[in-house]
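Student: I have a model open and want to go through parts of it. Can you take my questions as they come?

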Amino acid sequence: ALLRLARAFDADARDAVLAIGNTLRAQEEPQTGTRLVTEVWGYDYESLENNPAIKNVAVIGSGLTALDSITSLLKSSWQGKLACISGSAQLPKPHPLSYEKEKLKAAPPGDFVGKRPSQIMKTLRSLPGARGSDWPYAIDSLRHLTQDMWKNLSPQDRLRASQRYFNLWNIHRHRCDPSIRGLADAAIKSGRLRMIKARCTGLQADENGVTVSLQQGKTPGSERFDLVFKCIGVNYAVANNPLLTKLLNKRILKSAGNPYGIAVDGRFRAHESEGGIIHALGEKEQTATLRD
């Protein structure tokens with residue numbers, strides 16, 4: 001494999017591994033000149049202290065990235081009002097204050113692999129402690145099975161799982177520090193932070209604020225905010241990655257049949273020829289989807 005690099009030299013290798021991870025470029029371009037913030041990780045939250053025009057702020061999304069922005073705002077000198085907008089209006093659950101490893105038991109594969117999403121949920125709820133304070137151990141007992149569970153779902157069940165259970169899985173699996181969640185809970189209790197259960201359908205940003213279009217059930221509406229942080233995570237679409245796009249266009253790689261993946265075999269080989277092998281690694285199925 002001949003690797004052509006941007007710095008005016010090439011590298012020759014027998015095999016190559018695509019391990020591209022997440023990049024800020026995959027999020028989107030910054031909205032310069034407006035009150036819409038898309039590069040939330042590098043934002044100077046303390047800069048809001050002396051800006052009297054910023055009184056009410058919205059955070060779009062309620063995952064870990066959104067919680068980071070909410071926490072940064074609450075810890076800063078800024079004293080305005082906050083709103084968190086998402087379809088679930090649920091923040092990540094906190095880690096247990098102490099983790100007792102002896103409570104963690106690996107779930108048997110036969111109870112979960114090859115099952116439909118509704119069956120998986122029913123079995124998960126029946127695990128010891130799943131409905132009580134020990135629920136983190138029930139969730140963690142599936143860590144060694146999640147890839148096999150996903151690979152054995154039909155395309156229809158993958159779609160069903162994404163639509164019905166994705167948010168529920170995220171808030172339980174991708175947990176936060178208890179003190180961070182406590183800070184957000186206190187802001188909710190005091191009324192400083194509103195949780196709005198709605199789908200964001202549009203953003204109209206200018207130099208004075210952002211109008212957020214909302215869909216709450218069947219009811220459309222909108223709210224105006226002085227500043228909006230867009231915290232919906234990384235867009236994993238292959239089209240956002242120039243390298244993957246070129247390799248797909250040249251038919252060196254094959255699409256997985258969805259916008260988020262490239263096809264690999266059971267050994268994570270995405271391409272094999274006399275010139276070498278291209279492997280593809282990814283933490284999520286969006287980056288490397290197994291061929292049937």
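Student: Which residue is the bridge partner of Leu-203 in β9?
Tutor: Val-212 is the bridge partner of Leu-203. Before going on: this is a predicted model, in which local features need pLDDT of at least 70 and side-chain atom pairs count only at pLDDT 80 or more, while totals for chains, interfaces and linings use all residues. Residues are numbered from 1 along each chain as its sequence is written, and side-chain values use heavy atoms, with hydrogens and water left out.

Student: What is the bridge partner of Cys-200 in β9?
Tutor: Cys-200 has Leu-214 as its bridge partner. Seven bridges join β8 to β9, residues 209–216, and the two strands run antiparallel. Strands here are DSSP runs of E with at least two residues, helices are runs of H or I with at least four, and both are numbered from the N terminus. Two strands pair if DSSP finds at least two bridges between them.

Student: How many residues sit between β8 and β9 in the hairpin?
Tutor: Two residues lie between them.

Student: And what does β9 pair with over seven bridges, in the antiparallel sense?
Tutor: That partner is β10. One of the pairs is Val-210 with Phe-225 in β10. The hairpin of β9 and β10 also has two residues between the strands, and Gly-217 takes a positive phi near 65° there.

Student: In what order do the three strands of the open sheet come?
Tutor: The order is β8-β9-β10, with antiparallel pairing. β8 (199–206) and β10 (219–225) are at the edges with a single partner strand each, so one side of each has no neighbour in the sheet. From one strand to the next, the twist averages 20°.

Student: Now helices. At what angle do α2 and α5 pack?
Tutor: Helix α2, residues 117–126, packs against α5 at about 35°, with the axes 9 Å apart. The axes are lines fitted to C-alpha atoms, for helices over the stretch in contact, and angles run from 0 to 180 degrees between N-to-C directions.

Student: Which residues of α2 meet α5?
Tutor: Pro-117, Ser-118 and Met-121 do, against Asp-157, Ala-161, Tyr-165 and Leu-168 in α5. Contact means heavy atoms within 4.5 Å. By type, the residues of this contact are five nonpolar, one polar and one charged. Ala, Val, Leu, Ile, Met, Phe, Trp, Tyr, Cys and Pro count as nonpolar, Asp, Glu, Lys and Arg as charged, and the others, Gly among them, as polar.

Student: Is Arg-158 buried or exposed?
Tutor: Arg-158, found in helix α5 (residues 155–173), counts as buried because its relative accessibility is 16%. Buried means under 20% relative accessible area, exposed over 50%, and partly exposed in between, with a 1.4 Å probe and protein chains only.

Student: Which backbone oxygen lies 3.5 Å from a polar atom of its side chain?
Tutor: The backbone oxygen of Lys-151.

Student: Changing topic: what is the phi of Ala-89?
Tutor: Phi of Ala-89 is positive, about 55°, although the residue is not a glycine. Most residues other than glycine have a negative phi. Ala-89 lies in the loop between β6 (81–86) and α2, and is buried, with a relative accessible area of 18%.

Student: Where is Phe-268?
Tutor: Phe-268 is in the loop between β12 (263–264) and β13 (269–273). Its phi is positive as well, near 60°, and Phe-268 is partly exposed at 31% relative accessible area.

Key:
A polar contact is a pair of N or O atoms within 3.5 Å; within protein, one must be able to donate a hydrogen and the other to accept it, and residues adjacent in sequence count only if both atoms are side-chain atoms.
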